[in-house]
Amino acid sequence: MTPAARVQSAIEILDQVIEAARSNGAPADRILADWFRAHRFAGSKDKRAVRELVYGAIRDCGPLPASGRAAMLHFTAGDETLRALFDGSNYGPAAVGSTERPAVGGIAPNWLVKSLAASGIAGDEAKALLGRAPLDLRVNTLKADRETIELPEAGEALAAPQALRFPSGTQADQWAAYRDGLAEVQDHGSQWACAAVNAQPGETVIDLCAGAGGKTLALAAAMDNRGTLVAADTDKRRLGNLPPRAERAGAGMIETLLLDPVKELDALATFHGKADAVLVDAPCSGTGTWRRNPEARWRLDPKQIERYAETQARLLDVAAQLVRSGGRLVYVTCSLLDVEGKDRITAFLAANSQWSASPLNFPLGRPHGDGTRLTPFHDGTDGFFIARLELAC
């Protein structure tokens, strides 16, 4: 492919990404994968260049662009070499018209920028949300240890006991150690969220919003495969991905439980007041994960944030009914909006006097309300709010 053809291809892919954002369609990485499969003539260098153009333009535009061309015009505005490729050549983009207007730059749509700022995320903190994330691994202690595991590349040892960091783009899923379950891809901040549960061998622990089970697997390792560990979720497809992952990791103790939305307590009746710990990794806006999914900020609106907050409040109430006296509840969101984190815990504690917040003595993060906040700028992790609550005996 010529450089101009790469730019035009990126524009066409961006058109699909923008339309998917409007209609809640496929994520950008899936759109790119489909495009690569349909254009097998594109070599590895072409694919890499197109990917860089697409994600560069996505990160560079704040509000949802009108079109892929408008997004690319903004992205190339300060690059004379790229802008020169808008020359009308075969397979390349048409020349820039005198009345054409590029998309608008920024961190996110204006309403969302204001919401983040009101939650203490502005300036360099906000800019860091759109950086490129490294690849973090968690060595699975059911099969290996960070000090002795053999990997094709030497990773950077992080503060979490089994965490290793590699450069962005590292293909760890191709390594034998990954295929054999010796290591799992897990953000460093997510590993600390699991550590907050302090799951112990022999305990009864419930992962209430388990999804595909990344945190569940970390809990199984912490429990040394002993005790009761329930992975529950309302998403049948995502929960269905856990059993093969658990088998690969040697985590034979995990029980999966499919829940009906709003009827979670019915399915979990046998655990009422019996769990030593419940993890609520609540559905949220994902504002802390934009480094991995930058187009996600185009899919949000204020009403959706309100719906998330309502769901989060309800799940906290569900989880509270599962915990035994003296037990603990850990609330986690990968959002940096206070309405989804700090405010939810403040409201819960105000309404439930028998519960109290327990400090998290992490080597990273900063106190935020009754919990701890981790951010890309300060901690090099995804953005998280984490709170641990304890029920009086």
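Which ring does the charged end of Arg83 sit over? The ring is that of Phe86, with its centre 5.9 Å from the charged end of Arg83. A charge sits over a ring if NZ of Lys or CZ of Arg is within 6 Å of the ring centre and within 35 degrees of the ring normal. Arg248 makes a contact of this kind with Tyr178. Its charged end lies 4.6 Å from the centre of the tyrosine ring.

This is a predicted model, in which local features need pLDDT of at least 70 and side-chain atom pairs count only at pLDDT 80 or more, while totals for chains, interfaces and linings use all residues. Residues are numbered from 1 along each chain as its sequence is written, and side-chain values use heavy atoms, with hydrogens and water left out.

Next come the aromatic rings. A pair of aromatic rings is described by the distance of the centres and the angle of the planes. Rings of Phe, Tyr and Trp (its six-membered ring) pair if their centres lie within 6.5 Å; planes under 30 degrees apart count as stacked, over 60 as edge-to-face and the rest as tilted. The structure holds four such pairs. One of them joins Trp35 and Phe36, which is edge-to-face because the planes stand at 75°, with the centres 5.8 Å apart. Trp35 is buried at 6% relative accessible area. Phe36 is buried too, at 10%. Here buried means under 20% relative accessible area, exposed over 50%, and partly exposed in between (1.4 Å probe, protein chains only).

Trp192 and Phe362 form a tilted pair, because their planes meet at 45°, with ring centres 5.1 Å apart. This pair links distant parts of the chain, 170 residues apart. Trp192 belongs to helix α9, and Phe362 to the loop between β10 (355–358) and β11 (366–368). Helices (H or I, at least four residues) and strands (E, at least two) are DSSP runs, numbered from the N terminus. Trp192 is buried at 11%, and Phe362 is buried at 16%.

Now turn to the second largest pocket. Its volume is about 320 Å³. On a 1 Å grid over the protein atoms alone, a pocket is an open set of points where a 1.4 Å probe fits, with protein on both sides within 12 Å along at least five of seven lines; lining residues have an atom within 4 Å of a point. Grid points are joined across faces, edges and corners, and a volume is the space filled by probe spheres set on the points. The lining has 15 residues, and Arg138, Pro161, Ala195, Ala218 and Ala222 lie nearest the centre. Helix α10 gives the largest share, four residues. Domain 2 (135–185) and domain 3 (192–391) both contribute to the lining, so the pocket lies between them.

Val185 lies in strand β4 (residues 183–185) and is partly exposed, at 42%.

Asn24 has a positive phi of about 60° although it is not a glycine. Asn24 sits in the loop between α1 (3–23) and α2 (28–38), and is exposed at 62%. Asn198 has a positive phi as well, of about 55°. The loop between α9 and β5 (204–207) holds Asn198, which is partly exposed at 41%.

Terms used. Domains from an automatic or database assignment.
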